Amino acid sequence: MSGFLKKIFNSINKPDETGSGISKTGSSPGHLPLRVHSFHMLMSANARLWQLIPKAEHTLHSDKYFNIIYIRALATDICLRVFSILKNYQTICGTNQDASARFRELQASLESLVAEKKPQPGKKLTVHLSQAKDQTDNEIGSRMAGLVRAKTALPLANTPTGFIITSAGYQSFMRHNKLKEDISCILQSAEIKSMSDLFKISSEIQMRIIKSDLPEDLADAIMTAYRSLEMETGYRGVKTALLPSIDSEKHNFPLELLCRDKYNVGEELLLRAYKEVVAGRYSLTSMSHRLQKGLIEKDLPLCVGCLAMINTSFSGIMHTSNPFTPEASDVLIRAVPGMDVSLDQGCSEPDTWVVSRNEAEIIQKKIYTQNSKYVFFLSEEGLTRVNVSPGQASAQALNDQQVMELADLGLHLEKRLGYPLRISWILDNHDRFFIMESSAYSLVDNIHSAAIDKSRPSEILSKGLPVSKGKNSGHPYFASKHRDLLEFHEHGVLIIDQAHSRWAPLLPWANAILTEKPGDPFGRLAATARIFDVPAVFGVENITTKTRPDEPVSVNAYSGTVSKLGKMIIESETENFNRHPLADTPIHNTLRQVIRLVGDIENIYPSQVINPKKQNLSELAHFSHLSSTETLLELAFNHLPGASNFKIPKNSWLTWDLDEQSDAKLVPGSQLEQIDCRPLGIISARFKNTNSIHLDHKKEKSINRKIVTKLINPFSTQDSLFDHPANILFSKDFFHLSFSSKGIRIILQCYAREDSPENLIFFMLNTVKPVFYTQSSSLNNLFARVKFHTKLDNRSFIARKAGMNINNSIAFIDMLGLLLTQISPSEEPDVLLKPIKTRIDRACSKVESFIDSGRHAKFLSSLPVS
Amino acid sequence: MITKIGSIKVLVLDKDPVEQNILVKRLSKKNIFAKGAESTESLLCDLKSFNPDVIILDIKAYHNEWVEKVREIRDSCPGSGLIILTELVSVENVRVAAAAGAYDYLIKPCPVEEIIFVINNATGTN
């Protein structure tokens, strides 16, 4: 966290003379105007906090990608809000040392989880792979660090030998030629208006790097390491693969994907090839990424792995958790003859096996004809594509035993490292498997299954395999030659024959991309499309003949369909509750731990808010909110005439306008909906038997400056819903209700905000007796029907839904209001005497009937599309 | 065989002799009969004596007169494929080069595999 925030948080340790800080030493609460002001501040911070917590949870459970910067920003923001809540709470109620201490503990834990690693480049210019165990990602890059971790986890597994030109080497090179300053100069003086402008700058910078001299010590270090490699491998003039490796921890995909690899490089061109790999940091794709994502053009060290080439029979990629299946219960192996460059370039259909993780058997196999392969010849530089003999072309790359051996290797490594892996492997000409790369899943592995398209068949021009989801439209642009790279019309739909990575530079500027021939969904072009959020469909049959440059097309990369513009039916996106593609990766686990400290919304129980010692941040916030409200309520009572003996009558509630600070007023329960709390207003409308929902919130006055007392029969029903006073906490968009009714305890939390897609509804029903699991099928069915997450144990039922737009939030809150009225129907008081199961079944049945009747659906469909 | 094109002759002219030598070396290592032009002035003579299948030209070598030079090369060697490989990047240049008869327009730095791919296309080897 930044020094600024540290400074703020550290003020927690200092005595606050004004009584407005969270002081360790005792302090008395502030005077009334200060308390009132603090309560406003507390409510404001609380509202923001309840935007952030669901957002964090939604990120964890959706298929949204995130990185450490996102988590750090989120944790900092949450800490800041809770700090504000606690500080204002102590101004209202006085010092609470337990709460302060607990906050400090939690804040320290969060900080240790998300602390930024300071770049500490080592002094070694090169380091041998076998000696890189203690090097950080910053020193050798994430790609090489992944390989080193794999070797450390499985020492007996084969990995290539070689050395790494470290970040210290890179910085030495840049410093020696003042390249950093030169690049900065070029960028600052450039006027980037179009893609060709960026192309020009990219070319200029890259050539500037390539033509620069290597410092003597670096050149010596590289050549010395190379000589050692020659000795080690026993080959004079050993050929190497130069692979860029960048510390990608802060990014949601490996940054080197936007750079370039060099293969089969010998002694003669080794130094030149190193400079070319470094220059790849300024390729058009890489620069476009930084430009589009608003990343600062800072000198991110680029390390280069120099690995001895291995004579390769077959190679490929293995995913230890099949990204195509939501449950990820099997291993996906893809293989091509020769080097897997054709996979990376996306221009071949690999042989594919799916191996069950549990049963250790091949459950699916697809073998394709491979007409060509990439190989290297010792006399040449780079890789050469050669034809495969007809006999070999149709043979499967690996036999079943080899497939099982490879799957076993992957699962062993996954077990050792603790998260699913994407493993690049090769089978050498002695039938030995080598692990070439090993990394946690990232954005590039985020593949999805095709959805059903609702367009009429006649409207669809063609179909293919969606490899980067999204929808967009534009004029088709057919590219075949290199010069088309420069002539590409920005915002067009790029149409190419083969999914070759040479077209990747156009993706940041394209609205969508289509290929005529099938391509690899994990190839570089598909991965780049996902990085830039460009809808991509591969293998769209006859697309070059079915489209014309002057007729715009719509691309639906959910269903893989292409249609003429204006004919596509926009269907609403279905929420995807599948397993998160980053699940079990270190970054996912970090977010999970952060949420644990912040507080999973499912685990907030009002009964726990009394003792702050074991609370998480959101419970601390609850506790502070509740205590502040209670304190101000006491003050409200003091402002009532005859306050000492005053009791709130039934069907009434107490309001006190904090700004006016006049006497508190009793208000009939029928006026409850006037509170400027949207969720509460919707629910109370249900209790008034009002079927229409008041959607015009503009007319509502800003009443979140008022506070509500303990509510006794707050809803205007004849019979009591509540046995005991209900607790209601609310701010404008947040609502928390907890009450007990005849053996049932219900907690309802809603967050409904106009401009927030992170809206949330949480419903929990507890029973006194531990037999609930046998009785809740109707409740479970009801919530499952409206696609809530549900959780059930023998005492409680929890339903939760997040990530809704405001209209859906309102509709579901309305449904819950109806459910609450039905659990305790006023017209049939005898129902309350019936068993819990009967009451719940009856309530659910009525809500289901309401939905079936179409009134709810009509209401939902009448809402504008968000 | 797709890129084993030993019979193809390629003439390279780059403003920077170091870059020219490296490209010639790389193409030679890929079994292409590649040769660097002696100078910008002697290019036409080289064309006649070497009779290349493909000419790789950095138009930067001719500054503002590159369009005329491209036309001249096309006229003197109509059977050869002319590929531009340069740092001069603009849409206008690409169009003018195409109009003047260039087969394709590559931007530096360009991987040798891509250059070979274009050579193959220009000679119909692909």
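Buried means under 20% relative accessible area, exposed means over 50%, and partly exposed lies in between (1.4 Å probe, protein chains only). The model on screen is predicted, so local features need pLDDT of at least 70 and side-chain atom pairs count only at pLDDT 80 or more, while totals for chains, interfaces and linings use all residues. Residues are numbered from 1 along each chain as its sequence is written, chains are lettered from A and ligands numbered from 1 in the order in which they are written, and side-chain values use heavy atoms, with hydrogens and water left out.

**Chain A**

Select chain A. Of its 866 residues, 59% are buried. The chain has 24 helices and 31 strands; these are DSSP runs (helices H or I, at least four residues; strands E, at least two), numbered from the N terminus. Take the contacts (heavy atoms within 4.5 Å) in chain A between residues at least 6 apart in sequence: 67% join residues at least 24 apart.

**Helices H3 and H18**

Next, select residues 68-93 and 586-598 of chain A, which are helices H3 and H18. Their axes are 10 Å apart and the packing angle is about 5 degrees. Axes here are lines fitted to C-alpha atoms, for helices over the stretch in contact, and angles run from 0 to 180 degrees between N-to-C directions. H3(A) and H18(A) are therefore roughly parallel (under 35 degrees; over 145 is roughly antiparallel, 65 to 115 roughly perpendicular, the rest oblique).

Show side chains: Ile68(A), Ile71(A), Leu74(A), Ala75(A) and Ile78(A) of H3(A) meet Ile587(A), Thr590(A), Leu591(A), Val594(A) and Val598(A) of H18(A). By class, this contact has nine nonpolar, one polar and no charged residues. Nonpolar covers Ala, Val, Leu, Ile, Met, Phe, Trp, Tyr, Cys and Pro; charged covers Asp, Glu, Lys and Arg; the others, Gly among them, are polar.

**The largest cavity**

A cavity is a set of points on a 1 Å grid over the protein atoms alone where a 1.4 Å probe fits but cannot get out, and lining residues have an atom within 4 Å of a point. The largest cavity holds about 240 Å³, the volume being the space filled by probe spheres set on points joined across faces, edges and corners. H1(B) gives the most to its lining, with four residues. The lining has ten nonpolar, no polar and eight charged residues.

**Asp197(A)**

Finish at Asp197(A) in helix H8 of chain A. Asp197(A) is partly exposed, at 24% relative accessible area. Leaving out residues up to four places away in sequence, Asp197(A) touches Glu191(A) and Ile192(A).

Note on methods. On a 1 Å grid over the protein atoms alone, a cavity is a set of points where a 1.4 Å probe fits but cannot get out, and a pocket is an open set with protein on both sides within 12 Å along at least five of seven lines; lining residues have an atom within 4 Å of a point.
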